[in-house]
Structures are given as structure tokens and as C-alpha cells.
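The following exercises are to be worked through with the sequence and the coordinates at hand. Each task is followed by a solution in steps.

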Amino acid sequence: MSIYSRLHYFLYFQAHMKFPPDYPYSPPSIRFLTKVWHPNVYENGDLCISILHPPVDDPQSGELPCERWNPTQNVRTILLSVISLLNEPNTFSPANVDASVMYRRWRDSQGKDNEYPNIIRKQAQAAKAEAEKEGIIVPTTLEEYCIKSKTKPSSQEPQVSSTIYVLN
């Protein structure tokens with residue numbers, strides 16, 4: 001379970017994805033414009049994630065070539081990987097060592113150490129305030145996070161109710 005789901009936070013992050021001229025043969029880069037305190041985000045906002053590393057054989061990196069960029073990746077797979085990484089940081093190869101140490105201390109204490117959650121809480125509040133300035137409503141509960149729609153029954157169709165879950 002991630003820090004965000006344990007604290008019941010849904011965060012609003014702004015990021016810039018930059019595509020090189022030879023995309024899809026070279027990976028794009030991602031930089032968060034929103035301040036993000038995370039083990040895999042550098043101080044300047046650059047994201048460190050294996051699938052965005054060039055597909056070279058680098059035994060020093062600790063990554064297998066199959067974990068690196070390949071031209072079959074697309075915006076959807078990149079964003080799914082980013083969401084996964086935000087929820088489950090890679091603390092073995094951190095971009096932000098201080099955040100990684102704090103995250104591991106929180107995780108290993110089974111939630112008793114509050115330094116990391118306090119930073120995340122402040123980050124969530126700042127992100128929500130920024131979103132509200134831009135007219136974006138950030139959900140605060142799972143119910144708000146899920147979009148529910150109902151169709152009106154016709155005389156020939158049974159009533160249908162559906163829920164669409166949006167990725168966090």
C-alpha cells in the first residue's frame with residue numbers, strides 16, 4: 001500500500017514530458033513542475049525511472065537492458081509506469097537520497113515514523129491549493145475520485161449503472 005493511499009491523498013502533479021526528435025527510438029524525459037518529495041524525483045523535478053533510460057548495456061546501473069527504454073513504449077505505458085513508481089518507490093536507486101531514507105524509515109516502522117507522511121501531507125495541501133487556483137478539483141475521498149454515471153432506463157432497456165475508475 002502506498003503512502004498516498006495510506007494517508008488517503010490524491011495528489012495533483014504538473015509535469016512536462018519532452019520528446020526527442022528521434023522518438024520513439026530514444027526515450028522522452030519527464031520533469032515535474034510541481035514540487036515533489038519522492039525517492040525517484042531529483043531536486044530539479046527530473047524523474048528517474050528505468051523505462052526512460054536509454055537502451056544501452058550499463059552493468060553499473062543495476063538495470064537490465066529489458067527494463068530500459070524500447071520503441072514499443074508509448075505515453076500510456078510511460079504514465080502507468082510513473083504512477084506505479086510514485087506509489088511504490090525504487091529505494092535501491094534513489095534520485096533523492098534523503099527522501100529515500102525517510103521513506104524506508106516510514107515503511108520499516110510500519111507507519112510509526114511520521115517525518116515522511118508529514119512532508120507528503122504538506123505536499124498534498126500545496127498541490128490541492130495550486131489545483132484550486134487553476135480551477136481543478138482534487139478529490140479527497142475514494143468516492144470523489146471515482147466517476148459514477150447512470151443511464152436513464154428506457155421502456156425497453158433495464159437500468160444500467162456503471163463506475164469508471166480513473167488511475168491515480
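**Exercise 1. Architecture**

In what order do the elements of the chain run from the N terminus on?

Solution. The model is predicted: local features require pLDDT of at least 70, side-chain atom pairs count only at pLDDT 80 or more, and totals for chains, interfaces and linings use all residues. Residues are numbered from 1 along each chain as its sequence is written, and side-chain values use heavy atoms, with hydrogens and water left out.

Step 1. Helices (H or I, at least four residues) and strands (E, at least two) are taken as DSSP runs, numbered from the N terminus. The chain has 5 helices and 4 strands.

Step 2. Read from the N terminus on, the order is α-β-β-α-α-α-α-β-β.

**Exercise 2. Burial, surface and contacts**

State what share of the residues in the chain is buried, and characterise the surface and the contacts of the chain.

Solution. Step 1. A residue is buried under 20% relative accessible area, exposed over 50%, and partly exposed in between (1.4 Å probe, protein chains only). Of the 168 residues in the chain, 32% are buried.

Step 1. By the Shrake-Rupley method with a 1.4 Å probe, the accessible surface of the chain is about 11,000 Å². Carbon and sulfur atoms hold 56% of that surface.

Step 2. A contact means heavy atoms within 4.5 Å. Among the contacts in the chain with a separation of 6 or more, 52% are between residues 24 or more positions apart.

**Exercise 3. Helix α2**

Compare the span of helix α2 with the expected value, then examine its start and its buried residues.

Solution. Step 1. The expected span is 1.5 Å times one less than the number of residues. Helix α2 (residues 75-87) has 13 residues and reaches 18 Å from its first C-alpha to its last, close to the expected 18 Å.

Step 1. At the start of α2, a side-chain oxygen of Asn 74 comes to within 2.9 Å of the backbone nitrogen of Arg 76.

Step 2. The buried residues in α2 include Ile 78, Val 82, Leu 85, Leu 86 and Asn 87. An α-helix has 3.6 residues a turn, so residues three or four places apart point the same way.

**Exercise 4. Backbone features in loops**

Where does Pro 24 lie, and which residue does a cis peptide bond join to Pro 24? Describe also the backbone and exposure of Gln 110.

Solution. Step 1. Pro 24 is in the loop between β1 (15-18) and β2 (29-32). The cis peptide bond joins Tyr 23 and Pro 24, with omega at about 15 degrees.

Step 1. Gln 110, in the loop between α3 (97-108) and α4 (115-133), has a positive phi near 55 degrees although this residue is not glycine. Gln 110 is exposed, at a relative accessible area of 65%.

**Exercise 5. Aromatic pairs**

How many aromatic pairs are there, and how are the rings of Phe 13 and Phe 32 oriented?

Solution. Step 1. Rings of Phe, Tyr and Trp (its six-membered ring) pair if their centres lie within 6.5 Å; planes under 30 degrees apart count as stacked, over 60 as edge-to-face and the rest as tilted. The count by this rule is 5 aromatic pairs.

Step 1. The ring centres of Phe 13 and Phe 32 are 5.5 Å apart and their planes stand at 70 degrees, so this pair is edge-to-face. Phe 13 is in the loop between α1 (3-6) and β1, whereas Phe 32 is in strand β2, 19 residues apart. Phe 32 is buried, at 6% relative accessible area.

Step 2. Tyr 23 and Trp 69 form a tilted pair, with 6.0 Å centre to centre and 45 degrees between the planes. Because Tyr 23 lies in the loop between β1 and β2 and Trp 69 in the loop between β2 and α2, the pair ties together parts 46 residues apart in sequence.

Step 3. Tyr 23 is partly exposed at 28%, while Trp 69 is buried at 2% relative accessibility. Phe 19, Tyr 23 and Trp 69 form one aromatic cluster.

Key. A polar contact is a pair of N or O atoms within 3.5 Å; within protein, one must be able to donate a hydrogen and the other to accept it, and residues adjacent in sequence count only if both atoms are side-chain atoms.
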